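Reader: I have a model open and want to learn how to read its contacts. Can you take me through it step by step?

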Amino acid sequence: MSTAPPVRAAKESRFTDEHGRRIRFGELALRYVLLLVVLAVTVGPFLWQLSTSLKGPTEDIFSSPPSLLPEHPTLHNYRRVADTIPVWDYALNSLKVAGANVVTNCVGSALAGYALARLRYRGRRIATLVFILAMLVPVEGIIIAQFTTMRELGLNNTLIGVVLPGSISAMNVLLMRNAFLNLPYEIEEAAYVDGADAWQRFLRIALPSVKGALAVVAIFAFMGAWDDFLWPLIVLSDPSRFTLTIGLNYLHGTFANDERLVAAGTVIAVAPLIALFACLQRYFFRGVGEGAVKG
Amino acid sequence: MAGVTRVRRQLPTSPWLFAAPGLLVVGAFVLYPFVTTVVNSFTDRRTLIPGRFVGLANFRELIHDDMFWTGLRNSTLYIVGVVPALVVLPLLLALLVQKNIPGITFFRSAFYTPVVASIVVVGLIWVWLLDERGLVNSLLETVGIGRVGFLSDQWLLLLSAMAVTVWKGLGYYMIIYLAALAGVPRELHEAAAVDGAGAVRRFLTVTVPAVRSTMVLVAALSSVAAFKTFSEVYLLAGPDGGPAGEDTTLVMLVQQTGTGLTGRVGYASALSVVVFVVTVALMLLVLRADRRDRP
């Protein structure tokens, strides 16, 4: 074991890669130039939308060359959105839908995931297979049948109808199952011998150890419900029940020529998620990996 | 020992209680609608009228329906346009943000922002950017190219929608590639560098073979998603799918045909069955290509 001592020479350049190797200045400059170009392409459009939403009614938003900063920033357009569509009610509806989706997915997939991973009973393999099959069904292919099912239940045009189909997603169940399978079994076995029943083992021992996976489920459940478009578009028809995404689509369809108004609406819709992402990046990135493995 | 027997007596009932909510939701809102979709595709059911069995009539009608072929063409073109870009660009992006240079975590997060935003927000941002008088055209005019009708021409519309899909997907697949790149042995790069291979050469002979299976995964994920495209085209081209509906995708056709009070549920279900079959075929095709090419 001859771990090399920290190389003094490396200190000459503060910029080293993850292996402690120096990066040449030319390469470094090129990297930053490219990073800034990609930054302009990926984040620029959001900033342009923000800028448009802050421009007053007298300012030319079509100027060429374009003016990137508003001359006299104003929140006027945000008040106008609220006068045009009940945007705060829509935001509240989105919040209700997303919140409910988080609770049902966390509880439902933790319970089912634990049953698939840890409990012994006949039919466990079949139950697992049911979730795997369900995960493979493309949502876009069953929305019409989901719509008729909701009509039969009398839940079309309700927020419950928006939440129900995705309230416990098969992918989340399988994600939680994997999280439970990765825990060492010995502790639960000991608890089992001591007479702890399935509930006690689940709540006191297993669940506290899978908080990370549960956070991933919660975040993706929130984001999925807040961002969803196709399903709420189909199931909601009464404008008073719209979620934010459907309300925005309505705003765009009705006031397409009022770019400042639409811009303000989109900023309202995207700001909460960007804030959430800024706080909890770790889990967003982790979720990508776990979701991709499940396919 | 009394405790153990008590637990053993409980076990046959309690596991099913754990799994019940998940099985119920997945069964009622995924698997049941799946079966209903297949059954409905052989009927002339409408939203308000229970259908009769009509055999293969829907599928025969489908073959003679110009809109079906338009939808199939556009959804297929979408795969051709989007998948190569989403396999290659995020990999290059991952290489760009792989090295831990100062500020790199900021760039990684920033590049992920479009993934977090709702497709409706993203769609409306680009509708405004690509508008006849929008930012992109202002810039094009400033540099002397002149204005382009991104959102009025049938093909430019489809191309713009594809660009939006790629733009929104970049960060997501970048994170997948980052995880894969972390597993590439550094010695391979060093050996190649010693042999005098340049950056491009090392990329093609070291990086690409090492992340090959991830590229296949990305191809599979993005091609399935591309075939099911709805929102991008709906938002950019409008609910009717652009001039004369020429930009309609297959899932848009499902939504147009099957929803609302006059929806032709039977016919839309037949269209959905096509979506299933192609989706499953795509997954099998990509996975088979992977197995065949593997050394």
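Reader: How many residues of domain 1 of chain A are in contact with domain 2 of chain A?

Author: Keep in mind that this is a predicted model. Six residues of domain 1 of chain A touch six residues of domain 2 of chain A. On the domain 1 side, two are nonpolar, three polar and one charged. Domain 1 of chain A covers 16-74, and domain 2 covers 87-294. Their C-alpha centres lie 33 Å apart.

Reader: How many residues does each chain give to the contact between chain A and chain B?

Author: The size of an interface is often given as the accessible area lost when the parts come together. Here we count residues instead. Chain B gives 77 residues and chain A gives 86. On the chain B side, helix α2 (residues 14-40) gives the most, with 19 residues. That side of chain B has 51 nonpolar, 20 polar and six charged residues.

Reader: Now a helix pair. How do α1(A) and α5(B) cross?

Author: Two packed helices are described by the angle between their axes and the distance between the axes. Take helix α1 (residues 25-53) of chain A and helix α5 (residues 104-116) of chain B. Their axes come within 9 Å and cross at roughly 40°. The angle therefore makes α1(A) oblique to α5(B). The crossing is left-handed.

Reader: Which residues make that contact?

Author: From α1(A) come Leu35(A), Val38(A), Leu39(A), Thr42(A), Val43(A) and Phe46(A). From α5(B) come Phe107(B), Ala110(B), Phe111(B), Thr113(B) and Pro114(B). By class, nine are nonpolar, two polar and none charged.

Conventions
Residues numbered from 1 in each chain as written. Chains lettered and ligands numbered in written order. Predicted model: local features only at pLDDT ≥ 70, side-chain atom pairs only at ≥ 80, totals over all residues. Contact = placed C-beta atoms within 7 Å. Helix = DSSP H or I, 4+ residues; strand = E, 2+ residues; numbered from the N terminus. Nonpolar A, V, L, I, M, F, W, Y, C, P; charged D, E, K, R; others polar. Domains from an automatic or database assignment. Axes fitted to C-alpha atoms, helices over the stretch in contact; angles between N-to-C directions. Parallel < 35°, antiparallel > 145°, perpendicular 65-115°, else oblique. Left-handed = near helix turned anticlockwise from the far one by under 90°.
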